[in-house]
Amino acid sequence: MNQIESLDRLINELSKLPAVGKKTAQRYAYFLLSMNESDVRDFADAIITAKESVHYCKICANFTDKEICDICSRPDKEPIVCVVKEPKDVTALERVRDFKGSYHVLHGVINPLENKGPNDINLRSLLDRVNNEHIQEVIVATNPDVEGEATAMYIANLLKPLGVKVTRIAQGI
Ligand code: ZN
């Protein structure tokens, strides 16, 4: 059997990507090997550089390479916060909506089956934001599935005592 340790390692690493099985990982590995060396270096460098420079925005927890992301830094920002599950939801909403508020990324939803409770998602800082940023409306845009609905309900109850308007939109894009 022809065992090439470094090739096996590459295939193994690639197969850690979501929705990439062993066969696809092998195909990607062979493709990378067929690229010229400087392209492969650019590829590897893009991963390392992104990993080193991208982190969560201190306010909304969306990805950014600054301390505060561009959306949170908008000077004409309206006192509305749209709550979403993941960073990719921000991208989707920014593309289709003329929204002048900011976002709040939960990084998950409440899911008892996965042992994910309210303390396991980015909820506490939402309360702080509503208090400190004088937020007038919170739009909850989690997915219209069981976990998304349960999370939306939880947020609505959590914010009720603060007297902020809570609106639900089903995020099914
Ligand atoms: Zn932000």
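Reply: Buried means under 20% relative accessible area, exposed over 50% and partly exposed in between, with a 1.4 Å probe and protein chains only. Helices (H or I, at least four residues) and strands (E, at least two) are DSSP runs, numbered from the N terminus. This is a predicted model, in which local features need pLDDT of at least 70 and side-chain atom pairs count only at pLDDT 80 or more, while totals for chains, interfaces and linings use all residues. Residues are numbered from 1 along each chain as its sequence is written, and side-chain values use heavy atoms, with hydrogens and water left out.

Me: In strand S5, which residues point the other way from Glu137 and Ile139?

Reply: In a regular strand the side chains alternate between the two faces of the sheet. Strand S5 covers residues 137-140, and all of these are buried. Glu137 and Ile139 point one way, and the other way point Val138 and Val140.

Me: Which residue in S6 stands opposite Val140?

Reply: Two strands pair if DSSP finds at least two bridges between them, and S5 pairs with strand S6 (residues 165-168) in the parallel sense over four bridges. In S6, the residue opposite Val140 is Arg168.

Me: Through which helix does the chain cross from S5 to S6?

Reply: This β-α-β crossover is right-handed, a term used if, with the strands pointing away from the viewer, the path from the first strand over the helix to the second runs clockwise. The helix on the way covers residues 146-159 and is H6.

Me: What is the geometry of the zinc ion's site?

Reply: Donors are N, O and S atoms within 2.8 Å of the metal (3.2 Å for Na, K and Ca), and sites may look incomplete because water is not among the atoms. The protein donors here are the SG atoms of Cys57, Cys60, Cys69 and Cys72, lying 2.3 Å from the zinc ion. Four donors count as tetrahedral if all angles lie between 85 and 135 degrees. The angles among the four donor atoms are 106 to 114°, and the site is tetrahedral.

Me: Is Cys60 buried or exposed?

Reply: Cys60 is one of the zinc ion's protein donors. Its relative accessibility is 2%, so Cys60 counts as buried.

Me: How many disulfides are there?

Reply: A disulfide is a covalent bond between the sulfur atoms of two cysteines. Here a disulfide is counted as a pair of cysteine sulfur atoms within 2.5 Å. By this rule the number of disulfides is zero.

How values were computed
Tetrahedral: all angles 85-135°; square planar, octahedral: opposite > 155°, others 65-115°.
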